[in-house]
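Hi,

Here is the structure I promised to pass on. Have a look at it first, and then read on for what turned up.

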Amino acid sequence: MTTSPLALFGGPSVIDAPRPHFVWPPIENRDVEAVTGQLISAVSIPERSGVVADLEDSLASFFGVRHVVTTCTGTAALHSMYAAAGIGPGDEVIVPALTFHATATPLFHLGARPVLADVDEHGQLDLADAIRRITARTKAVVAVHLWGVPENMDALTAFSTRHNLMLLEDGSHAHGATWRGQRVGTFGRAAAFSLNGPKPLSAGEGGFVATDDTELYYRVLLHGQYNKRCRREIPADHDLAPYAITGMGLKLRVHPLAAALANAQLPRLVGYLAGRETVAARMRRALHGVPGIEVPRLPSQARPAWYALPLRYRPNQLAGLPVGRFLEAVHAEGASEIDLPGSTRALGDHPLFHTPGALLPGYADYPGPGADSFTTARRLHGSTVKLPVWHRDRDVPLADAYTTAIIKVAEHHRELVK
Ligand SMILES: *Cc1c(COP(=O)(O)O)cnc(C)c1O
């Protein structure tokens, strides 16, 4: 044994730095100035102007897309994207069974059906399973770049083309991640992103839709940005221009203070990602070959945004030590930010996806997952522990301490199963 006794049993803990160990987004003076300046200049922006236009322009140029529409949340962005893509009653959309529920839930509000498909051992959409679920009503497939690791976009693009499905993306974990050098969120017809608190790019609360498709853009506006924006941006001779005042009846605009925060953060995103890449590589190296811990596989085409570092926990390599007990010991070492994913889980395990009828009367006959389905999504969720990926040089000692805590507990696992 190369390490001191476990903190759980009275030994010295690896980490005694004060908590929290990870705070996101990093708030600097320029963020405070941007938000307070906005507070004074405008707290409601009904058309595409001011900080809303600035942020949308900056995002459009960051992604190299023609149009960006900001929204109040990522959930709203997904809702607008699906509505604008023409997904409606009876349409089926293939969604990976392991994701945050909001990738799928807006479909319920369009009368459409999320059709869950299993993921593979790496959390990527299992295309063999997805193929089995295609019907005459399947309209689209959604790519989710889980934990910021890009999906295999060669495979997904080919899949969507071959089966004549619209490719859409939920990039909420993956702002700035690339596949073959191309930013995720630019592969499909449209992409939705969250700008929620912990996301790689944060507005506190917010989201956006990105697309090159101008018709889809108009429909995003009509879905959640009624009146002034629609009146100013949809050409007067467009078929849908008469709907501008009411749109589709929903109001999902971003708050200008949130837009100001995201706009102040965006110029730093590339630096955040570069820092995270360095720290993630360091943590992966440190944990490589540690019994019970599998670091994520990375195809050479992928550059992740490292929303988190997901580690596969293999209890069979640690004398069957249950993950809960493992985490207890790691937390006792002071590595408090390591946890099991909470809300990002096998969707079929949420009541809304097996018995939605109690809340959504139109879905009383929604099939729900069979007990034997989505086995990989379930297994993966139950055996994934995630930790934050820091981005600053001065956080490297803390990142090292986290991997040291994991290694220490793995070394002492026999004492924990006794
Ligand atoms: C956060 C998130 C959402 C929802 O975004 P909100 O801004 O919280 O509404 C959707 N999909 C994924 C994958 C997310 O991580």
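In β1, the side chains of His-67, Val-69 and Thr-71 point one way, those of Val-68 and Thr-70 point the other way, and all of them are buried. "Buried" here is under 20% relative accessible area, with exposed being over 50% and partly exposed in between (1.4 Å probe, protein chains only). In a regular strand the side chains alternate between the two faces of the sheet. With five of its five residues (67–71) buried, strand β1 is largely enclosed by the rest of the structure. Helices (H or I, at least four residues) and strands (E, at least two) are DSSP runs, numbered from the N terminus.

Before going further: this is a predicted model, where local features need pLDDT of at least 70 and side-chain atom pairs count only at pLDDT 80 or more, while totals for chains, interfaces and linings use all residues. Residues are numbered from 1 along each chain as its sequence is written, and side-chain values use heavy atoms, leaving out hydrogens and water.

Which strand does β1 join through five bridges? That is β10 (residues 207–211), and the two run antiparallel; strands pair if DSSP finds at least two bridges between them. His-67 has Thr-211 as its bridge partner in β10.

Now the domains. The domain assignment gives domain 1 (7–19 + 269–417) and domain 2 (29–267), with bounds from an automatic or database assignment. Their centres, taken over C-alpha atoms, are 26 Å apart. On the domain 1 side 42 residues are in contact with 49 residues of domain 2, contact being heavy atoms within 4.5 Å. Between them the domains bury about 3800 Å², 65% of it on carbon and sulfur atoms; that is accessible area (1.4 Å probe) lost on putting the two parts together, summed over both.

Three salt bridges are counted between domain 1 and domain 2, each a side-chain nitrogen of Lys or Arg within 4 Å of a carboxyl oxygen of Asp or Glu. Elements that each supply at least two residues of the side of domain 1 touching domain 2 include α9 (269–287), β13 (309–313), β14 (344–346) and α12 (375–382). The most comes from α12, with six residues.

Thr-344 is buried, at a relative accessible area of 7%. Leaving aside neighbours within four places in sequence, Thr-344 is in contact with Leu-98, Thr-99, Phe-100, Leu-146, Trp-147, His-173 and His-381.

Cheers
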